[in-house]
Amino acid sequence: SVAMLSSNDGQSGLPTNKTYDFYGDFTQGFEIKGLGLQRIGAYAYIGKSPTYFQTSGGTPVAGAGSGNRSFYRAGAYGLWYLGKFDFATFYMHGADNVFLGTSTPANDPSALPVGAKGPTWNGGFVEAHYTYNPQLILVARYELVRMDRVTRFDKLRSFGSLDAWTIGYRWYPIMSS
């Protein structure tokens, strides 16, 4: 699938800024004998966002976003089935322009902090399900984000990084044919 998006929820006139974003998602399914359908895919979201707005009496003017700077998110995913187990895997790489990463208006480059860089990061998750029976499914998920380059704190590379574990279950107590 391919989509061209405005930053205004599809309304005409581009009230937020004057750019469009692009989203693309490409998937492929394939059968593995004895295991069933497996699916892999790749995606990208690429766009620009304003760094400042024209104002009237201190209030931002709709449609007056300016100083657009680029950002992107891209990655891959897979859905894997192994009998009563299934796994979802997901990976993403993201990057923002230095003006977006520091919330600095692009019309004032002197306001950029000394040594500032555009942030980049990698993230993803693995989620596993075990279908004990149609009424009970056990769930486990591990998520992570790793900052590759932080905006201003190179010595604190782990700033913004995270790890999260989740375990749980889905129980459907009333189920009948």
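I started with the fold: the protein chain has one helix and 10 strands, taken as DSSP runs (H or I of at least four residues for helices, E of at least two for strands) and numbered from the N terminus. Along the sequence I read β-β-β-β-β-β-β-α-β-β-β.

Before going on, I noted that this is a predicted model, where local features need pLDDT of at least 70, side-chain atom pairs count only at pLDDT 80 or more, and totals for chains, interfaces and linings use all residues. Residues are numbered from 1 along each chain as its sequence is written, and side-chain values use heavy atoms, leaving out hydrogens and water.

Next I looked up burial: 31% of the 177 residues count as buried (under 20% relative accessible area; exposed is over 50%, partly exposed in between; 1.4 Å probe, protein chains only).

Then I searched the whole structure for salt bridges and got four (a side-chain nitrogen of Lys or Arg within 4 Å of a carboxyl oxygen of Asp or Glu). One of them joins Glu127 to Arg141, with the closest N and O atoms 2.6 Å apart. That pair links strand β8 (residues 120–133) to strand β9 (residues 136–149), 14 residues apart. Glu127 is buried, at 13% relative accessibility.

Arg141 also meets Glu143, at 3.2 Å from N to O, and Glu143 is partly exposed at 28%.

I checked Asp163 with Arg146 too: 2.8 Å, N to O. Here strand β10 (residues 162–171) is tied to strand β9, 17 residues apart. Asp163 is partly exposed at 44%, and Arg146 is partly exposed at 34%. Shared partners join Glu127, Arg141 and Glu143 into one network.
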